[in-house]
Amino acid sequence: MDYFTRRWRYFGRKLAAQFRIYDADAAVAAGFRAQQIKAILRLTPLTMLANSFNAGLILLIYWNTAYFGPVLVWSISLIGAILLGTRAWLRQRQQPAPTQVSKRALKRASLHATALGIIWGVLPILAFNSQLDATNTLLLTTICTGMICAGGFALATIPQAAISYVCVLSLGCEIALFHDHITSHWSLAVLLLLYAFIICFAVIASAKTFGARLMAEAAAEHQQQLISLLLHDFEAHASDWLWELNPSGFVQAPSKKFMAILGSRATNLTHTRFTDLFDADYARNEFSDTNPISQLELYLNERSAFRELVIPIFIHDERHWWQLTAKPLFNNKEQFIGWRGVGSDVTHKYKAELEMRRLANFDSLTNLANRHYFYMQLEALKKQNQFDAFTLFFLDLDNFKNVNDSLGHGVGDLVLQNIAQRLLNTVRSNDLLARLGGDEFAIISHGEDSAAQAGLLAQRLLNTFVAPCVINGKNLQMGCSIGIALAPDHGKDTETLLKNADMALYAAKSAGRNTFRFYEPGMEIVAQQKLHLLNDMRAALEEHAATNKLLNKHFSEDLVWPQTPILGQFEIFFQPQIKLSTQEVIGFEALVRWHHPELGLVSPAQFIPVAEESNLIIPIGTWVLVEACKYASKWPNNWRVAVNLSAVQFREGNVVDVVRWALQVSRLAPERLELEITESLLIHDNISAQETLTALRKLGVRIALDDFGTGYSSLAYLRTFPLNKLKIDRSFVSALTKDASALAIVNAIIQLAEALMLDTTAEGIESQLEAEILRSCGCSDAQGFYFGKPLPLKSALAHVRQFEQHHEFDRD
């Protein structure tokens, strides 16, 4: 018994599971039940009409038959059921449909369906008989089977009601089949059972589809509610806002936050095209290639989604930047109904990005393009096949490092800003001026006439340096060297053009600075030769421990210097200096010479500029100074030694410490050392030079101004700087016998020196006549080939002994 009970319960659970078309909590299930009832009531007029029509047809069939009375009673009961269903439908029409119903409502609907099924099930039992003709029998059969099908599908949303109706009606039909001898076999009964089974299966399938749709709609509604809640919370607490457009591109249903952000511009917002809100003039001027407003219009016209479009808008009398993201909206019929998107004010972020982009591409000190941006523009010209319509200028300030070292980087920055503004005012509006770094600038001059105008532009650039830079009340005279390369004549690719412009700049510096040079094919050979000289010079210094230490680290007073002479590729030659009045030797000028193992004796004019440019003049100059002092310490006490000092040594070589150390190492009396400097040192770095020269004079050494009269000679620095001697340049001496103006200049220099109590030395004397003229003018000292060529020490000493013996004989 228990077995059968368990099986019956199991069957009951399975059957109930078939009737359960959805799985939801109580509140949602109540809503689903309301939808089930609503679906049945929606078909009530049609089903009641069908029931009434079929009832009338059946009355017509049994008119004038013995069964008319029972059929009439049956019809009256059917009309009662019809009126009951119609009453429920009318109540639903007159009042709002309930959104939730209880399980009892489904039970009542099932009972009503069962009652209707019983009424129709009674009909075949009551009316099927042999007295009907074949036509009426077929018609009655069709009505019954039709009602089975129609009722089942009309009640399908409540599967228990539909199946109850179908089963009761089918049972009545089966009883009728077996009640009369209308059939003599079971085939019709089996077909009816099969038909009823199919109807029940279809009802359950339809009900489950209906239930799945209810659950999907509920899930969608829940999701919509959740989205609405999130959007409301998003707009209430986030800095972003929502916006919507209608299909014509006008703002619709603007949120309070959106209107608050627009401020006064929110007036008549719904009558404003969305694209008209934005700053079209600014976008058109600033974004000629990728206008964001044009992009927005394109997206809207093409109905394509977009993300993070940054666009300018003018609000509250200032420009803001909005970031927009949106997608087009379509209804369930795939009809376009507008746009929905989110916006945010990214003004601060956008300005920060602009500043980062500016810092990446522009120099923060001068606001000019930087090296990165400059090279990008060159590459862009190459990619755009425009490598044949521009000129490249490389500019380098002359002796700018002196300003930085002597006056500080703050003053140097002010100088760079001043120069940058001058250059910017000189170049054309379509030219690109960039600061490559330090004191290096570059220009890309565009246009077909750029090559023809290159020389004129270079001269205008040099002219901007004529006036001194006035910084903190001080006049700083700056200079500039310019290298020029023409595209494509001097390079058909970026690398070649840059290299050739750099070589042209190197040539301009070598030509004396403050000038410009165009690239020439031979410059590459010259540059390679200078590079070889530089490498060989470095190798020569590395041969000895002392000079190698000077080469690889800054000078320090603990440097060990050998007592014996350092011999190698470099050698010191000595040229005698003579007192004109007595023809006595007063000392020598120390001059460095280079015996190259392959090139032989290299001219100082060839390797000294290379040494100065590479700073190798510092270890070379230190070596010359120390060795010259060591030699001089063994000479007669009335002989001096003159050593040339480069401006590079003054700038970076710790001159005062080196001179003090050289005097200590050699034990040479300070007054026997004479240091020769050039006018360029005094002009380009006069403040630092004055301090250094003053410190040297305190050591007791003498200071001579070399090549006086050939540079920017100024009486001011003769009075300011602590000098002992002026050296008259050889160009004036060689012209004494040919040009009266040269004699006048020499006389003026000598008189000026006497007035300032300075000695004078004439250079480059090659004849007795020149010596006599200079002696008659009052020049104190002299040197030149007439008195002796620069020679190695032993040869120089032997020569002066002969010279002294010869002149002693003449005096006797």
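Analyst: What follows goes from the whole chain to a sheet, a helix pair and a loop residue. This is a predicted model, in which local features need pLDDT of at least 70 and side-chain atom pairs count only at pLDDT 80 or more, while totals for chains, interfaces and linings use all residues. Residues are numbered from 1 along each chain as its sequence is written, and side-chain values use heavy atoms, with hydrogens and water left out.

User: How many helices and strands does the protein have?

Analyst: Helices (H or I, at least four residues) and strands (E, at least two) are DSSP runs numbered from the N terminus, and here they come to 30 helices and 21 strands. Buried residues, meaning those under 20% relative accessible area with a 1.4 Å probe and protein chains only, make up 45% of the 812 residues.

User: In what order do the five strands of the open sheet lie?

Analyst: Strands of a sheet pair through backbone hydrogen bonds, either parallel or antiparallel. Two strands are taken as paired if DSSP finds at least two bridges between them, and on that basis the order here is 6-7-5-10-11, with mixed pairing. Strand 6 (432-437) and strand 11 (516-518) are the edges, each pairing on one side only. Strand 5 (residues 390-398) and strand 10 (residues 479-487) run antiparallel and are joined by nine bridges, and Leu395 has Ile482 in strand 10 as its bridge partner.

User: At what angle do helix 18 and helix 20 pack?

Analyst: Axes are lines fitted to C-alpha atoms, for helices over the stretch in contact, and angles run from 0 to 180 degrees between N-to-C directions. Helix 18 (residues 522-541) and helix 20 (residues 604-613) pack at about 75°, with their axes 10 Å apart. That makes helix 18 roughly perpendicular to helix 20, a term covering angles of 65 to 115 degrees.

User: Where is Asn291 found?

Analyst: Asn291 lies in the loop between helix 10 (280-286) and helix 11 (292-302). Asn291 is buried, with a relative accessible area of 14%, and its side chain reaches the backbone nitrogen of Ile293 at 3.0 Å.

Definitions and conventions:
Angles under 35 degrees count as roughly parallel, over 145 as roughly antiparallel, 65 to 115 as roughly perpendicular and the rest as oblique. Buried means under 20% relative accessible area, exposed over 50%, partly exposed in between (1.4 Å probe, protein chains only). A polar contact is a pair of N or O atoms within 3.5 Å; within protein, one must be able to donate a hydrogen and the other to accept it, and residues adjacent in sequence count only if both atoms are side-chain atoms.
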